[in-house]
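I opened this notebook to keep track of what I looked up, one entry at a time.

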Amino acid sequence: MSMNTVGRPTRPESAANDTAHATLTGARGLLQDEALIFELGGWDKTGVDLPEASAPSDALDGLLRTAPIGLPGLSEPETVRHYVRLSQKNHAIDLALYPLGSCTMKHNPRLNEKMARLPGFSDIHPLQPQSTVQGALQLMDRLAHWLKTLTGMPAVALTPKAGAHGEMCGMLAIRSAHEAAGQGHRKTVLAPTSAHGTNPATAAFVGYTVVEIAQTADGRVDMADLESKLGDHVAAIMVTNPNTCGLFERDIVEIARLTHAAGAYFYCDGANFNAIVGRVRPGDLGVDAMHINLHKTFSTPHGGGGPGAGPVVLSEALAPFAPTPWLVHGEDGFALVEHAGEAGAETAFGRMSAFHGQMGMYTRAYAYMLSHGADGLRQVAEDAVLNANYLKARLSGAMSPAFPEGPCMHEALFDDSWLEGTGVTTLDFAKAMIDEGFHPMTMYFPLVVHGAMLIEPTETESKQELDRFVAALLALAEAAKAGDVERFKGAPFHAPLRRLDETQAARKPRLKWKPVAAAPLAAE
Amino acid sequence: MRYLPLTPEDRAEMLGVIGVDSIDALFVDVPGVARRTDPVDLPFHAGELEVEREMAALAKRNRSAGEGPFFCGAGAYRHHVPATVDHIIQRSEFLTSYTPYQPEIAQGTLQVLFEFQTQVAALTGMEVANASLYDGSTAAAEAVMMATRVTRRNKAVMSGGVHPHYVETVETLAHAAGVATAHLPAAIDAEDAVIAAIDADTACVVVQTPNVFGTVTDVSKIAAAAQAAGALLIVVTTEVVSLGLLKSPGEMGADIVVAEGQSIGNGLNFGGPYVGLFACKEKYIRQAPGRLCGETVDADGRRGFVLTLSTREQHIRRDKATSNICTNSGLCALAFSIHMSLLGEVGLRQLAAINHEKARALGDALAAVPGVEILTPRFFNEFAIRVPGKAAELVETLAGQGIIAGVPFSRLDATAGLDDVLLVAATETTLDIDITFFAKVLAKVIAQ
């Protein structure tokens with residue numbers, strides 16, 4: 001098969017349609033091609049039965065819609081079929097190992113879904129009288145207690161809606177603490193080159209300048225470089241621990257000490273808390289603020305990109321600046337202090353969003369915590385780390401670990417040096433994994449490792465599934481080294497679609513369906 | 001432990017393959033001061049039955065909206081969600097997948113996002129929409145930041161009709177980013193007052209319709225005034241069902257529209273997770289926050305969808321990104337999209353008409369209560385009333401009698417001097433008998 005420079009076949013030719021077995025309809029087995037709702041639905045069709053209503057009030061004259069909106073409707077059976085067909089084009093953790101490093105794709109217990117749907121949690125309004133939602137407030141209080149105990153931190157702001165939102169919350173608390181102490185001139189944030197993109201983005205978004213800290217050859221913060229960059233201008237450092245190379249920062253206590261000695265705060269990115277939950281308390285390491293992704297460590301589902309939840313634990317120094325609402329124990333039970341400056345929340349820096357955060361995630365995470373308990377959560381960390389080290393050990397003969405010395409934590413990081421000379425790239429290798437039934441690992445991240453492949457199995461994978469995964473990767477590695485380049489360059493061949501043209505998508509953005517059919521895009 | 005597949009034998013064998021003799025050897029990089037040998041001081045694991053009991057006990061201590069008369073709105077609305085919606089969002093392939101970074105095996109999620117973007121653009125009357133943000137309030141904050149990038153100006157003017165919690169959310173972020181805000185005093189029917197506050201530094205004006213008091217406003221004049229001054233008009237909507245009946249913000253000239261999408265497909269959930277809708281004029285799209293899904297083709301020329309224009313985003317642009325957002329509200333966007341597909345244009349218009357009808361019935365009933373005054377001149381499905389005394393106290397009294405009467409404005413802004421203002425809403429879930437009961441008890445309580 002002939003290929004162009006970006007690894008795409010120059011003519012349509014795939015397992016799906018290059019043989020005498022091509023289907024007549026374009027469908028493949030039970031996998032249906034599915035049109036868009038705008039091509040399926042009717043403009044006067046609906047899948048709901050509602051009573052007739054009277055004409056609107058005269059007061060709304062001139063304010064009413066006159067033109068059609070452009071929303072098609074489907075009957076209920078058509079709706080179900082449309083979405084079920086679409087669902088079958090997705091990979092999911094319920095189907096197989098989903099080894100995205102840094103993303104913690106673990107099993108999502110169905111009990112949590114059931115609990116979140118109890119009407120006492122799902123059918124209550126954020127602004128109904130607090131006397132009528134004492135159970136919800138108590139759940140928030142208990143969740144807070146678990147998070148504080150697990151992290152060894154004195155306070156927690158529950159409301160941030162995702163990890164990056166939590167980062168923003170932590171950094172705003174840090175900013176407020178500096179301003180309150182007459183240290184508002186501190187405008188620099190230090191972050192390692194290996195940091196998640198959200199770290200520098202958050203720091204910049206709230207008005208800080210980001211300076212990168214170098215990394216040592218063994219994948220950790222370069223202490224000399226850190227020390228040379230700390231000073232009276234530094235507001236905070238943002239360090240992920242375990243870090244994005246999947247390694248525990250051995251000097252973390254010293255990092256905290258130096259940071260505090262320079263008058264700065266230590267923001268820890270807690271995305272990788274799953275590796276240490278129940279075994280290490282960030283509070284014992286000198287952390288001042290850390291977000292916890294409930295959708296990672298505490299198993300709330302990722303849902304194809306959200307919703308998440310990112311509560312932030314805070315040190316004594318930062319706690320007074322936590323955003324509202326604050327949950328307090330009043331005379332008549334629990335109460336919320338909802339506005340910065342009000343009695344009880346005089347020093348709050350503001351508000352992260354309209355209401356009280358992600359209640360639907362709190363219920364799921366709390367059910368998960370109760371299920372595991374202190375003993376089970378510790379086992380979570382141990383099994384997550386064990387699984388990652390097992391993969392590292394099994395794969396290291398064929399692939400090149402980025403940091404071969406010593407154990408990794410919950411994720412195993414490889415570089416692409418073992419692919420040198422094969423003509424296969426990290427991307428090609430990842431796409432070939434799809435054909436073998438696995439979601440690719442995180443690729444090209446962290447940025448400090450060439451052609452990075454970051455594999456996070458999590459603790460919810462059995463040894464059998466890990467062995468299946470290892471067998472697939474070893475077979476692929478052998479194929480790559482044996483010169484079977486075509487297997488990789490055109491991959492995937494067996495997915496619902498072949499490689500997609502992302503360049504064309506960005507150059508001529510089509511971000512919605514348009515009623516007048518545009519000329520079909522052509523494969524380039 | 002039921003969620004952990006490894007057996008003790010597996011663990012021993014795996015440690016052998018790794019070449020260490022205990023799990024502790026894998027935690028060797030943890031400094032001695034932080035190594036814990038014992039579990040933390042929390043209860044040990046529990047079976048499914050025990051967890052259910054504990055959760056149910058907590059749930060029981062809450063009075064759910066469905067238990068009786070219920071009239072809360074103010075940014076979160078109780079609507080009926082068809083059973084199909086919750087069934088589909090619990091399918092493994094939607095519930096347990098990640099952000100669609102590998103498009104070849106995520107076309108389900110991606111096509112849904114493309115359809116969602118198209119629905120949101122149509123509903124708001126805008127050219128393009130993104131794949132969702134956290135909620136309406138954070139979408140408003142992102143919109144203000146975007147306007148400062150587009151105009152290279154540094155000030156946001158917000159009307160007195162914008163939900164006070166949205167104002168606080170915007171101000172929290174704006175002030176951290178060095179953006180000035182001018183928030184006009186709370187006013188029931190004065191969105192137009194923002195026009196006088198526009199100056200040469202104004203990046204955007206933020207108005208809401210229906211506003212926090214329920215007032216519906218034609219914002220065309222504000223759009224013209226803002227744009228003539230080189231500023232953008234941001235229109236906020238917290239009740240998207242209203243767009244089934246009312247002129248869209250796009251028709252009235254909005255540059256950016258942000259909305260809370262919870263009303264379609266998503267329950268109350270005590271405030272979250274919700275789904276932020278974000279739409280704008282196409283010419284500004286490269287300054288927009290959040291994920292965008294676009295159409296393309298695969299290597300065989302077949303139509304497919306990918307996340308696109310990601311050079312705006314944090315994982316590529318880092319400190320130069322348009323926003324720090326990563327996780328968004330994908331599953332809630334799916335719920336929105338399914339519900340909207342079920343409704344279709346016909347169903348949405350009907351739903352909106354019913355909501356409006358119910359609110360008018362509520363208005364008529366409350367207007368007849370001595371001492372109550374309807375304050376909102378033109379409303380969709382919620383409005384403000386003036387009551388004798390403090391609305392917050394009245395709400396507590398009525399809660400004691402089984403009625404969740406609405407949201408006292410003082411709960412949103414205690415400093416506005418509107419302690420006697422109560423926000424009430426009705427939807428298709430409101431029963432006529434509940435309206436009658438509410439009016440009757442209210443009359444009795446006021447008379448006491």
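This is a predicted model: local features need pLDDT of at least 70, side-chain atom pairs count only at pLDDT 80 or more; totals for chains, interfaces and linings use all residues.

**Entry 1: a sheet in chain A**

I began with two strands of chain A, E2 (residues 188–192) and E4 (residues 234–240), and found them paired in the parallel sense over three bridges. I picked out one position: A:Thr188 stands opposite A:Val234 in E4(A).

Next I wanted the whole sheet. In what order do the strands of this chain A sheet run? I read it as E1-E7-E6-E5-E4-E2-E3, seven strands in an open sheet with mixed pairing. At the edges I found strand E1 (155–157) and strand E3 (209–213) of chain A; each has a single partner strand, so one side of each is left without a neighbour in the sheet.

**Entry 2: H6 and H7 in chain A**

I stayed with H6. How do the axes of helix H6 (residues 163–180) and helix H7 (residues 198–205) of chain A cross? They come within 9 Å and cross at roughly 45 degrees. That angle is why I wrote down H6(A) as oblique to H7(A). The crossing is right-handed, with H6(A) passing H7(A).

I listed who makes the contact. From H6(A) I have A:Gly163, A:Ala164, A:Glu167, A:Met168 and A:Met171, and from H7(A) I have A:Thr198, A:Asn199, A:Thr202, A:Ala203 and A:Phe205. Sorted by kind, the residues of this H6(A)–H7(A) contact are five nonpolar, four polar and one charged.

**Entry 3: a sheet in chain B**

Over in chain B I found an open sheet of four strands, ordered E10-E11-E13-E12, with antiparallel pairing. Strand E10 (373–374) and strand E12 (407–408) of chain B are at its edges; each has a single partner strand, so one side of each lacks a neighbour in the sheet.

I looked at one pair up close. E10(B) and strand E11 (residues 382–386) of chain B run antiparallel and are joined by two bridges. Here B:Ile374 stands opposite B:Ile385 in E11(B).

Which strands does H11(B) lie across? I noted E10, E11 and strand E13 (421–425) of chain B, with the helix running at about 10 degrees to E11(B).

**Entry 4: where the chains meet**

I finished with the contact between the chains. It takes 166 residues from chain B and 183 residues from chain A. On the chain B side, helix H11 (residues 330–367) gives the most, with 21 residues. That side of chain B divides into 82 nonpolar, 51 polar and 33 charged residues.

Helix H10 (residues 359–395) of chain A and helix H1 (residues 8–18) of chain B have axes that come within 9 Å and cross at roughly 45 degrees. H10(A) and H1(B) are therefore oblique to each other. This time I noted a left-handed crossing as H10(A) passes H1(B).

On the H10(A) side I listed A:Leu386, A:Asn389, A:Tyr390, A:Ala393 and A:Arg394, which meet B:Arg11, B:Met14, B:Val17 and B:Ile18 in H1(B). I count the residues of the H10(A)–H1(B) contact as six nonpolar, one polar and two charged.

Technical notes:
Residues are numbered from 1 along each chain as its sequence is written. Chains are lettered from A and ligands numbered from 1 in the order in which they are written. Axes are lines fitted to C-alpha atoms, for helices over the stretch in contact, and angles run from 0 to 180 degrees between N-to-C directions. Angles under 35 degrees count as roughly parallel, over 145 as roughly antiparallel, 65 to 115 as roughly perpendicular and the rest as oblique. A crossing is left-handed if the near helix is turned anticlockwise from the far one by less than a right angle, and right-handed if clockwise. Two residues are in contact if their C-beta atoms, placed from the backbone, lie within 7 Å. Ala, Val, Leu, Ile, Met, Phe, Trp, Tyr, Cys and Pro count as nonpolar, Asp, Glu, Lys and Arg as charged, and the others, Gly among them, as polar. Two strands pair if DSSP finds at least two bridges between them.
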